[in-house]
Structures are given as C-alpha cells and as structure tokens.
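Thanks for making time for this. I would like to walk through one structure slowly, so please have the picture open while I talk.

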Amino acid sequence: MAELFAYTDGACSGNPGPGGWGALLIAREGDKVLKERELCGGEPDTTNNRMELLGAIHALESLTRASEITVVTDSAYVKNGVTGWIHGWKRNGWKTADRKPVKNVELWQRLDAAQARHRVVWKWIKGHAGHAENERADALARAGMAPFKAEKAG
C-alpha cells in the first residue's frame, strides 16, 4: 500500500521581509516513488514562522480526500505547536499560558482545520542537513519567495 509524505518548508529574506513556502508531496510504495507534486507560494511582507505554517497548511489543504500522511518539517515551531501547544491554546480560547493572544492564530486555526480531515503523523528533521526531500522543499520555498524578493529589490 502506498504511503503519503509531505515535506514542507518556509523561507524569509529578513524577518519580517519577503517570504516563501514550499511543499513536496510524495506517494511511495517501499522505495518506489509513485507520484510527486510540488507546491509553492509567497508573500511580500511576512515572517519565517508564517511561511513554515503555510507550507504545512497548503500541503494538507491540497489533498482532495481524507488521507494518512506523514508531514516532515524542519520547523520545531510547527511540529511543537501542532502536536503540543495547540491543545492548550484551544482550551484557553486561543491564548497562551500567560494569557496573551497566540501569534499567527489564524494560521494555527487553519492548520488545525486542515489536519482534522486527515490522519497526520508529524515528524521533525534537522534543516540544511543534506536530507534530499527537505532540500527540495527549501528550494520550493525560495522559489515561492523569489518574485516578492525581486519586487522589493526593484
């Protein structure tokens, strides 16, 4: 049976600044790749954390039917947020433990809704460590950022 993976990443030139997100979706059967799909996009003025979140959001939202998927991210912020912190935030009315509003709340809510349709396993890997799929997701994020970076330079 095929396994589905999403490798996601975000990039920012300055923080805040022009940014991009990327997602590489791969369906595998053992070592054999059955299908791949690349997604990317960006914004003119954003943060790295927002782009990391959008990579994961777009990967999950792109699935047309409920799926079992492993989302692989190099963002501890995304992994820790979605597997841990989010439960307390929801209990506290989207406030942090010290009663402050959750940063990027609309993206966390969107990610929560996107993952609710699926059975998701979240996996963190070290970024820029030679992991081929993570490097491809990083390249997609940089490609998503490129038009906004050029716009700012021009």
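Let me begin with a question: are helix 2 and helix 3 roughly parallel or roughly perpendicular to each other? Keep in mind as you look that this is a predicted model. The axes of these two helices come within 11 Å and cross at roughly 95°, and because angles from 65 to 115 degrees count as roughly perpendicular, helix 2 and helix 3 are roughly perpendicular to each other. The residues that meet there are Tyr77, Val78, Gly81, Val82, Ile86, Trp89 and Lys90 from helix 2, and Trp108, Leu111, Asp112 and Gln115 from helix 3.

Let us stay with helix 3, which runs over residues 105-116 and has 12 residues. From its first C-alpha to its last it reaches 16 Å, which is close to the 16 Å expected at 1.5 Å a residue. Its buried residues are Leu107, Trp108, Leu111, Asp112, Ala114 and Gln115. If you look down the axis of helix 3, these buried residues fall within an arc of 165°, so they line one face of the helix. As for what that set of residues packs against, the partners are helix 1 (48-61), helix 2 (76-91) and strand 5 (119-124).

Helix 1 and helix 3 pack at an angle of about 25°, with their axes 9 Å apart, and that makes helix 1 roughly parallel to helix 3. The crossing of these two helices is left-handed. On the helix 1 side, the residues in contact are Arg50, Leu53, Leu54, Ala56, Ile57, His58, Leu60 and Glu61, and they meet Glu106, Leu107, Trp108, Arg110, Leu111, Ala114 and Gln115 of helix 3.

Helix 1 has 14 residues, and it reaches 20 Å from its first C-alpha to its last, close to the 20 Å expected at 1.5 Å a residue.

Is Ser62 buried or exposed? Its relative accessible area is 13%, and because the cut-off for buried is under 20%, Ser62 counts as buried. Leaving aside residues up to four places away in sequence, Ser62 touches Leu25, Arg37 and Leu39.

I will finish with some details of the backbone. As background, most residues other than glycine have a negative phi, and most peptide bonds are trans. Here, Asn15 and Pro16 are joined by a cis peptide bond, with omega at about 15°, and Pro16 lies in the loop between strand 1 (3-12) and strand 2 (17-29).

Arg99, although it is not a glycine, has a positive phi of about 70°; this residue is found in the loop between helix 2 and helix 3, and at 54% relative accessibility it counts as exposed. His128 is also not a glycine, and has a positive phi of about 55°. His128 is found in the loop between strand 5 and helix 4 (132-153), and it is exposed, with a relative accessible area of 59%.

Key. Residues numbered from 1 in each chain as written. Predicted model: local features only at pLDDT ≥ 70, side-chain atom pairs only at ≥ 80, totals over all residues. Heavy atoms only, no water. Helix = DSSP H or I, 4+ residues; strand = E, 2+ residues; numbered from the N terminus. Expected span 1.5 Å × (residues − 1). Buried < 20%, exposed > 50% of the residue type's maximum accessible area, 1.4 Å probe, protein only. Arc of directions from axis to C-beta. Contact = heavy atoms within 4.5 Å. Axes fitted to C-alpha atoms, helices over the stretch in contact; angles between N-to-C directions. Parallel < 35°, antiparallel > 145°, perpendicular 65-115°, else oblique. Left-handed = near helix turned anticlockwise from the far one by under 90°.
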